[in-house]
Amino acid sequence: GHPPKRQPCWKRPKVFYTALFLVIAAIIGLAVTGILMGKDGTMIGWRPNRGSNGEGGDDEPPTSDVSPVNDGNGTNVEGTGGFMNQEPSPSPTASPTVAPTNSPTKAPTRGPRTTPLAFYVMGDIPYAPWEETVLISQITNITKNRHPGSAFLVHVGDMMRAERTGCQQGYYQSVKNILSLGPLPTFALAGDNDYLDCPNLDTAWEYYLDTFSDFDQEWLYRLPSGVPPLEVGRWLLPENVPLEQNVTRWTTRSEMFSFTEEGILFLSMTLMHVPDDLPPDTLFQERLADSKAWVTQQVTQAAAADDPLRGVVMFGHARIAGYLRPFFMELKQIFYDAFIFAPVLYIHGDGHKFNWNDNFGRGIEWPQFVDIQVDQGAYADPLLVEVALSQGGTLQPLISNNPSQFIAGNGLFRIDRQRGRYNSIEDENV
């Protein structure tokens, strides 16, 4: 009447343990298979070969049916298929793990610069069809013989003769197409011929903004074939350092830009030529007030940054004359109020003849200020500006090597006229 006694585990038959082991192994196998299988029932990281008709082939390791894609560092990675072709990771959480900072992401760490930072400046081109050919030649020359430290190019405005083009939209695009041939991120400012002299100011301004706002970002993920990666981190690793996080633009005036590189603050202003015998209109005054507010904001932010500025470069179109003189006297006070006494360059077009002027700065007791006017683009190569290296906080001053080179800021800047005016022209008021 008593139930049979249960055998101790060590006395059970071996077939029991064999069966138990097989059950556990089967469970583990099913779990692993579920992890490795994709939604389509194929193994992740594996796909069967497919013939030209799309039918499945032999179950052999796949041969890539796409061209390799270079990751920018000389390593080829497969563009599709394999792990890179699977479903994305689960959606991110509703809120970020860490709150975003107010300041832009910093550029990646780079080794010490061995070549001076450089940039090109041109303006007042093209006024005529033959000047378009000259502009193409200049862009081609920069592509083939660019300065090894060059990082960007600035066109300071007047890219047409308004009475010839009527400021038609196609002409803005035509100039953009030419500048797009270059190897360097390019900024294009508006001159009076691109806006104030146009038949319809509102339409012309819309055409300009539609064509050239964020023009520099077109180089974000491309450099022409054969051009080595730029040394400047902003464009060297665009996937890690988005350009829009480094080049600041004002939402009110999106044509204005600002960024800092190698301790130099670069910024633009919307300054256009107004004849001295004509009083400035409301539009001119509005642009002037906006430019002053923009400079004030950027200078104040730069002054509050941890790293002190080595210098400042401002770009505009109009020369300092008539109604603009009081404006620059106000700028001096903005810099001094921010305790910025670094060298300042204002580079512009409008006058059509190269001019180096430090007398204006001395006249308003701003000895750090130098006014530089570029040659008319059709008659001189673009200006080349270099920024001296700094090693261990010590400036490695640049020197002049020929009569076409000028030094500012005790060797901080070297300005090269790039062959200067190699043809003579009439001084046209355009």
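Across which strands does helix H8 (residues 325-337) lie? Helix H8 lies across strand S9 (311-315), strand S10 (344-348) and strand S12 (369-373), running at about 150 degrees to S9. This is a predicted model, in which local features need pLDDT of at least 70 and side-chain atom pairs count only at pLDDT 80 or more, while totals for chains, interfaces and linings use all residues. Residues are numbered from 1 along each chain as its sequence is written, and side-chain values use heavy atoms, with hydrogens and water left out.

Helices (H or I, at least four residues) and strands (E, at least two) are DSSP runs, numbered from the N terminus. The strands S6-S7-S8-S9-S10-S12-S11 form, in that order, an open sheet of seven with mixed pairing; two strands pair if DSSP finds at least two bridges between them. Strand S6 (248-249) and strand S11 (355-357) each have a single partner strand and stand at the edges, so one side of each is left without a neighbour in the sheet. Strands S7 (residues 257-261) and S8 (residues 264-268) run antiparallel and are joined by four bridges, with serine 258 opposite leucine 267 in S8.

Contact means heavy atoms within 4.5 Å. Axes are lines fitted to C-alpha atoms, for helices over the stretch in contact, and angles run from 0 to 180 degrees between N-to-C directions.

| Helix | Lies across | Angle |
|---|---|---|
| H7 (residues 282-304) | S6, S7 and S8 | about 165 degrees to S8 |
| H8 (residues 325-337) | S9, S10 and S12 | about 150 degrees to S9 |

The structure holds one disulfide (a pair of cysteine sulfur atoms within 2.5 Å), joining cysteine 167 to cysteine 198 with S to S 1.9 Å. Both cysteine 167 and cysteine 198 are buried (under 20% relative accessible area, 1.4 Å probe, protein chains only).

Notes:
Buried means under 20% relative accessible area, exposed over 50%, partly exposed in between (1.4 Å probe, protein chains only).
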